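Please open the model in a viewer and keep the selection panel at hand.

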2 protein chains.
Amino acid sequence: MGEIPVIKAALLGAGTVGGGVYEILKRQWEEMPKKLGAFVEIKKILVRDKGKKREGMDSAQFTEEWKEILEDPEIQIVIELMGGIEPARTYLLEALQAGKHVVTANKDLLADYGRELLDMAAEHSCDLMFEAAVAGGIPIIRPLKQCLAANYITEVMGIVNGTTNYILTRMTLDKMEFSDALALALELGYAEADPTADVEGYDAGRKVAIMASIAFNSRVTFGDVFTEGITKITAADIAYADELNMVIKLLGVARNAEDGIEAGVYPMLIPKYHPLASVQDAFNAVFVHGDAVDDAMFLGRGAGRYPTASAVAGDIFEAVRNIQAGSTGRLGCTCYKNLRVKPADETSHCYFLRLQVEDRPGVLAGIASVFGNNNVSIAQVIQKNKRGELAELAVITERVLERHFKDSLLVLGEMSMIKEVSTILRVYA
Amino acid sequence: MGEIPVIKAALLGAGTVGGGVYEILKRQWEEMPKKLGAFVEIKKILVRDKGKKREGMDSAQFTEEWKEILEDPEIQIVIELMGGIEPARTYLLEALQAGKHVVTANKDLLADYGRELLDMAAEHSCDLMFEAAVAGGIPIIRPLKQCLAANYITEVMGIVNGTTNYILTRMTLDKMEFSDALALALELGYAEADPTADVEGYDAGRKVAIMASIAFNSRVTFGDVFTEGITKITAADIAYADELNMVIKLLGVARNAEDGIEAGVYPMLIPKYHPLASVQDAFNAVFVHGDAVDDAMFLGRGAGRYPTASAVAGDIFEAVRNIQAGSTGRLGCTCYKNLRVKPADETSHCYFLRLQVEDRPGVLAGIASVFGNNNVSIAQVIQKNKRGELAELAVITERVLERHFKDSLLVLGEMSMIKEVSTILRVYA
């Protein structure tokens, strides 16, 4: 056995995850020759301020100039952990063009510019890997692309945002209201100062776009994904769910139906016996249904320094193995179909709605006839909580077209006997 | 783009899973060019009786002669689904020697002859893949070898036998005794006529050997794995577990401790909040702990025609991709360490034991002093169910050496105040 080759890589970004990747590569140093047939070493680290000290990192490796990395022929792998669209997009396109392999955790970039980047990678026979972009440390991209490759996947859905799952868990277990649970999440560092992308479902939506693209072999972008957040969920809704033996989870759902792909993020009622129902706190989980494998679920930590670094480093190792085997780019873009993505109106769901209505005969009949006239079948009606002259009514529909359901709501909104529509939620069925 | 190559494969065995693989490859035919850059086609099928008709299969492909497959230079991939050690071992060694790639679901073979087969594969730069050998359709081998490759895995454990999980689920949910639940499993086809390999934990033990080898990068064989079955579990034990807020599961557990690997299969008490506790019926799940990823779990169907075929076909696709990329054998044996596997006596566990004792003062003190003298710390004692002059005592220990625990049992067995040791179980902690 000759000398063991040392493959050089560059890190773009030296934040939480970047530091984790750096550390894990060091920890694995002695394992590398046997595991990979080569060492992989960080040669340069792109930072904004190279004067700033970073625990455990060698400041001699810092550079503020992307060109120093791009033009270094020794650097074969670029690890992008800066986040955001630009300049990450430009850097990665340039890196691929220069024949450098790319590992990234950048879901924003992948969800919008996945095709462009994967095309560029293919053109230059480069690897472009992004296991960490969905569900942090949980293996999901590679299992879908490889282990489950012989399936027609009909559904992929999951809890892919830890912040909102933490908030909903606190609301469920500790009966907190949304604002208090959000404040707690902020205090504990589970939520960012501006929590919009998390609580409005945008972060989950990007992950849904990426997962759906891979599961269905057809490109889905963030713009194709309907998103609804959890800001309107109340403790009362959660108590109601509990009575129905369900919990409320923010689910990213993608279905491959006959007439097109449905992709959305919504708070949903899901039965307690479903494996996703017991995924607590900051854990993530992805549930897959395929024609051969039937149901499968992948659970783990969807964020955090080391779990995310685990996925990034796994990709780096894979790129090194491909470099050693001369097989870089062997598994590129798998979106070879051009399936239609349905607009939200054409998707179908079961709905739960909670109404405050006048407590008198004929109200239920009136509501039922509105639904009936709009092709909305009712599965279940629960009446309770009389409050003075008002009664609370909860209705669960069969799976109906969103358009039909919305039409019903328009009519219901005009009816004087209905004082308030308190909650509208989708139900997983 | 030139003509799309057709890669030929042979199937050894045309049973349940073989038929499933055959069918799935047909279903995926149109996807193959885009997914793999090639078609993969079954050319020959090794059967015992080629006169027997098999639904959906072309009898012109049947052969009773292994040599016809071995000596067919067109056949590049051999898919072994016969099971058992011989003649599978000889066939696969010959196939690899002839430069053919191998996909197998044969856990018995892998658990005992994994090294020999993987060495032969490496020598001939062949792929040898066995995703289906552990936990059926659930992706676990490839996630461990690739996605989690940058982790030091310290624990891998799971519910990897569907038959026993079905039996224990019925005993738990329907309060059945073991013999009745086994009879039901037989009736429903979840158990084989001779259920020994399942109920005694041998089947799970083979899977533990394979998982541990891959997780810890060091060879563990079936002979290294301690096995204890579920035949002695009673409805009373399960009721007791329930009171302690736990359930009893047959777990395959492998730990990579400082002083060596521990590998065993045992019925264990596990807290209800643990993700493995809610894995019901014939589902399997594997739980992994790594230094970077922290906890991760993989859940799905551990057996059955299509789920198993899903894993086999995923491996076939992967072999085809490697053939196309010229990278066969790129990911071979990863057992490059030579870690010691501890004998059972040196492993440590928390134990639960249920004793029938004389109901008089001093009994508890007597028992406690026996444990104390043998370095066994007690975590919890519960006294209940007076039955005439006898009382029932349940003891849970701290994590103690198996040797010390056994020494205590020898002394306890001699004590006249102890009428019976009804149950001894390990507790997951």
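A residue is called buried when its relative accessible area is under 20%, exposed when that area is over 50%, and partly exposed in between. The model is a predicted one.

Begin with B:Arg354 and B:Glu392. Both B:Arg354 and B:Glu392 are buried, and their side chains form a salt bridge with an N to O distance of 3.1 Å. B:Arg354 belongs to strand 13 (residues 348-358) of chain B and B:Glu392 to strand 15 (residues 390-397), so this pair ties together parts that are 38 residues apart in sequence.

Turn next to chain A and select A:Asp281 with A:Arg170. Their closest N and O atoms are 2.8 Å apart, in a salt bridge. Because A:Asp281 sits in the loop between strand 10 (260-271) and strand 11 (283-290) of chain A, and A:Arg170 in helix 7 (residues 162-173), the pair ties together parts that are 111 residues apart in sequence. A:Arg170 is buried, at 13% relative accessible area, whereas A:Asp281 is partly exposed, at 28%.

Now select A:Glu23 and A:Arg305, a salt bridge whose closest N and O atoms are 3.4 Å apart. A:Glu23 is in helix 1 (residues 16-27) of chain A and A:Arg305 in helix 12 (residues 305-325), so the pair ties together parts that are 282 residues apart in sequence. A:Glu23 is partly exposed, with a relative accessible area of 29%, and for A:Arg305 the value is 29%.

For a network of salt bridges, select A:Glu228, A:Asp345, A:Glu402, A:Lys406 and A:Arg426. Over all chains, the salt bridges number 64.

On the surface, display A:Asp49, A:Glu64, A:Glu65 and A:Glu68, which gather in a patch of negative charge. A:Glu64 lies in the loop between strand 3 (62-63) and helix 3 (66-70) of chain A and is partly exposed, at 39%.

The backbone deserves a look as well. Most residues other than glycine have a negative phi, and most peptide bonds are trans. The bond from A:Glu86 to A:Pro87 is cis, with omega near 5 degrees; A:Pro87 is in the loop between strand 4 (75-80) and helix 4 (88-97) of chain A. In chain B, B:Ser125 has a positive phi, near 50 degrees, and is located in the loop between helix 5 (107-123) and strand 6 (128-129).

Finally, show both chains together. Chain B is superposed on chain A by a rotation of 180 degrees with 0.0 Å of shift along its axis (RMSD 0.1 Å). The two copies are therefore related as by a two-fold rotation axis. Which residue of chain B comes closest to the rotation axis? Select B:Phe298, whose C-alpha is at 2.4 Å.

Notes: Residues are numbered from 1 along each chain as its sequence is written. Chains are lettered from A and ligands numbered from 1 in the order in which they are written. This is a predicted model: local features need pLDDT of at least 70, side-chain atom pairs count only at pLDDT 80 or more; totals for chains, interfaces and linings use all residues. Side-chain values use heavy atoms; hydrogens and water are left out. Patches are made of residues with over 30% relative accessible area and no salt bridge: like charges are joined within 9 Å, nonpolar side chains (Val, Leu, Ile, Met, Phe, Trp, Tyr) within 5 Å. Accessible areas come from the Shrake-Rupley method with a 1.4 Å probe; for residues, only the protein chains shown count as cover. A salt bridge is a side-chain nitrogen of Lys or Arg within 4 Å of a carboxyl oxygen of Asp or Glu. Lys and Arg count as positive and Asp and Glu as negative; His and the chain ends are not counted. The place of a charge is taken as NZ of Lys, CZ of Arg, CG of Asp or CD of Glu. Helices (H or I, at least four residues) and strands (E, at least two) are DSSP runs, numbered from the N terminus. Buried means under 20% relative accessible area, exposed over 50%, partly exposed in between (1.4 Å probe, protein chains only). Copies are superposed by least squares on the C-alpha atoms of residues with pLDDT of at least 70 in both.
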